[in-house]
Amino acid sequence: MRSELERDFERFKRELPGDFSDHVRETYGIDLTARYLGATIPHPIGKGSGQLSLNENQLADDARAGLAFVVLKTLIAEDEAGSQSMAAWAIHETKMQVERRHAAGGRPGWTVTWKGRGWDRSLEEYLALVRAGRDLTRAGRLLVVPSVKYHLPRLEEPFRDGEYRYTTRLLADAWGDDAPPLLVEKDFSPTLAGDSLAGDRDQILRWLREVPGRIRAASPISVRVAVKLMNARFDDAFQLEMIDACRDADMLVCFNRLFDADRSVAYGGWDLSDRNLRVLDAVAPGVRPGLCGTGNICSGRMIVEYARRGCESVQLHTFFQLPLSEYAATHGSRTQRALHALLFDPRDGLVAALLALAAAGRLERRDGALHFLDLAAGAHHPG
Ligand SMILES: Cc1cc2nc3c(=O)[nH]c(=O)nc-3n(C[C@H](O)[C@H](O)[C@H](O)COP(=O)(O)O)c2cc1C
């Protein structure tokens with residue numbers, strides 16, 4: 001299998017086959033089936049919300065590359081009168097810098113430095129993108145998911161339900177009730193860490209308890225809600241408290257980027273994955289929503305690290321933005337080149353990592369195959 005994998009890695013450098021999940025099942029006896037917000041997807045790799053899911057061309061490219069899902073850029077909610085309580089997040093900023101970032105222990109990784117925030121165009125343009133995403137989802141080509149930042153009140157204030165109602169209804173109308181169910185990610189952005197709203201723990205816990213229900217109540221059609229958790233300014237114990245407060249969410253995305261207070265920017269790299277994995281390790285056994293991992297996922301081995309801690313899928317941003325010279329593949333879009341490395345790298349790819357777990361007796365074959373989802377199913381069980 002090792003030489004088979006090396007052969008695949010070499011030949012797929014020029015072109016990644018569109019049906020690579022079938023190929024992996026047939027060639028390696030590995031079932032990559034994964035799950036995102038209750039939807040079954042052919043493999044676990046998706047794109048996180050951000051600057052790489054702003055238009056229809058990006059969606060079409062990603063569908064062609066065979067990505068499992070894409071979360072659209074975060075929309076800033078508005079009410080009927082067009083007022084946005086989180087307007088400070090709808091700022092325009094284009095320049096992104098892909099940079100090396102050394103972790104606290106010195107290990108070099110990648111980060112994207114960018115001072116922008118949410119969607120900065122009109123709601124109508126966003127709805128057009130949602131309709132394009134719905135068509136791809138309905139055709140089974142790519143699962144597309146809108147992301148929204150709604151009003152987050154101070155502790156003594158009420159929620160502005162007008163924003164929840166108006167924005168959610170328009171999203172639901174654009175999606176339609178004859179398509180697969182509407183899925184929504186609620187972003188608690190890392191930039192919150194630099195905002196005064198982020199300084200009060202009780203306030204944050206109230207949002208997490210109440211927001212999923214408010215989105216559901218605002219939708220005229222059935223909707224499943226994922227909460228994308230930030231890395232708050234507090235300690236690991238508070239990350240766990242946040243998870244505990246999210247009992248009403250259908251899925252959690254763990255965890256968005258860290259915040260560099262000196263430079264006033266969000267960042268990733270090894271510090272981010274170290275923290276995320278450490279917190280996920282400490283999640284208590286028992287009932288909780290499904291998990292999707294995010295943060296410094298640059299290899300199949302890292303996908304396995306998140307999966308072994310309960311993540312049924314992963315969403316990446318930075319690894320889709322590296323300089324072309326960083327990918328072994330010589331042809332194709334950045335998404336294709338990234339998938340090629342994440343899946344087929346003979347040392348660090350997902351196929352190699354799953355075969356290594358099986359060889360070490362840490363993943364059993366079932367019905368003659370290794371199942372990616374068995375990793376998450378084995379996590380957080382007592383004992
Ligand atoms: C330039 C940039 C813009 C982003 N914008 C958003 C956003 O609008 N909403 C959101 O939920 N996450 C946003 N993210 C976070 C990513 O989706 C992702 O969760 C995070 O960067 C960690 O993954 P990574 O280490 O693979 O980049 C953004 C990330 C980057 C780098």
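Colleague: How do the residues lining the largest pocket divide by class?

Modeller: A lining can be read by sorting its residues into classes. In this predicted model, the lining of the largest pocket has 11 nonpolar, three polar and seven charged residues. The space in this pocket comes to about 470 Å³. It is lined by 21 residues, and those closest to its centre are Trp-270, Cys-298, Ser-299, Phe-319 and Asp-348. Strand 7 (108–113), helix 8 (270–281) and helix 9 (300–308) are the elements that each give two or more residues to the lining.

Colleague: Which residues lie nearest the centre of the second largest pocket?

Modeller: Pro-42, Leu-67, Ala-68, Gly-140 and Arg-141 do, out of a lining of 20 residues. The second largest pocket holds about 290 Å³ of space. At least two lining residues come from each of helix 2 (20–28), strand 3 (39–41) and helix 4 (123–138). By class, this lining has 10 nonpolar, seven polar and three charged residues.

Colleague: How many cavities of 30 Å³ or more does a search of the whole structure find?

Modeller: A pocket is open, whereas a cavity is a space that the probe cannot leave. The search finds one cavity of 30 Å³ or more. The volume of the largest cavity is about 590 Å³. Its lining has 38 residues, with Ser-49, Lys-228, Asn-256, Arg-257 and His-317 closest to the centre. Two or more lining residues come from each of strand 5 (69–76), strand 7 and strand 15 (311–316).

Colleague: What is the make-up of the lining of the largest cavity by class?

Modeller: The lining of the largest cavity has 13 nonpolar, 19 polar and six charged residues.

Colleague: Turning to the backbone, which peptide bond is cis?

Modeller: Omega is the angle to read here. The bond from Cys-254 to Phe-255 is cis, and its omega is near -25°. Phe-255 sits in the loop that joins strand 11 (251–254) to strand 12 (258–260).

Colleague: What about Asp-367, and which loop holds it?

Modeller: Asp-367 also has a positive phi, near 50°, in a residue other than glycine. The loop runs between helix 11 (350–359) and strand 16 (370–371).

Colleague: Is Asn-296 buried or exposed, and is Asp-367 buried or exposed?

Modeller: The relative accessible area decides, with buried set at under 20% and exposed at over 50%. Asn-296 has 12%, so this residue is buried. Asp-367 has 72%, so this residue is exposed.

Colleague: How does the radius of gyration of the protein agree with that of a compact globule?

Modeller: The value is set against an expectation for the chain length. A compact globule of 383 residues would have a radius of gyration near 21 Å, and the protein has 20 Å, so the two agree. Along the principal axes, the C-alpha atoms fill a box of roughly 60 × 40 × 40 Å. The protein has 12 helices and 16 strands.

Colleague: What share of the residues is buried, and what share of the contacts joins residues 24 or more positions apart?

Modeller: Buried residues make up 58% of the 383. Among contacts with a separation of 6 or more, 69% are between residues 24 or more positions apart. The accessible surface is about 15,600 Å², and carbon and sulfur atoms account for 46% of that area.

Conventions: Residues are numbered from 1 along each chain as its sequence is written. This is a predicted model: local features need pLDDT of at least 70, side-chain atom pairs count only at pLDDT 80 or more; totals for chains, interfaces and linings use all residues. Side-chain values use heavy atoms; hydrogens and water are left out. On a 1 Å grid over the protein atoms alone, a cavity is a set of points where a 1.4 Å probe fits but cannot get out, and a pocket is an open set with protein on both sides within 12 Å along at least five of seven lines; lining residues have an atom within 4 Å of a point. Grid points are joined across faces, edges and corners, and a volume is the space filled by probe spheres set on the points. Helices (H or I, at least four residues) and strands (E, at least two) are DSSP runs, numbered from the N terminus. Ala, Val, Leu, Ile, Met, Phe, Trp, Tyr, Cys and Pro count as nonpolar, Asp, Glu, Lys and Arg as charged, and the others, Gly among them, as polar. The radius of gyration is taken over C-alpha atoms; the globule rule is 2.2 Å times the number of residues to the power 0.38. Buried means under 20% relative accessible area, exposed over 50%, partly exposed in between (1.4 Å probe, protein chains only). Contact means heavy atoms within 4.5 Å. Accessible areas come from the Shrake-Rupley method with a 1.4 Å probe; for residues, only the protein chains shown count as cover.
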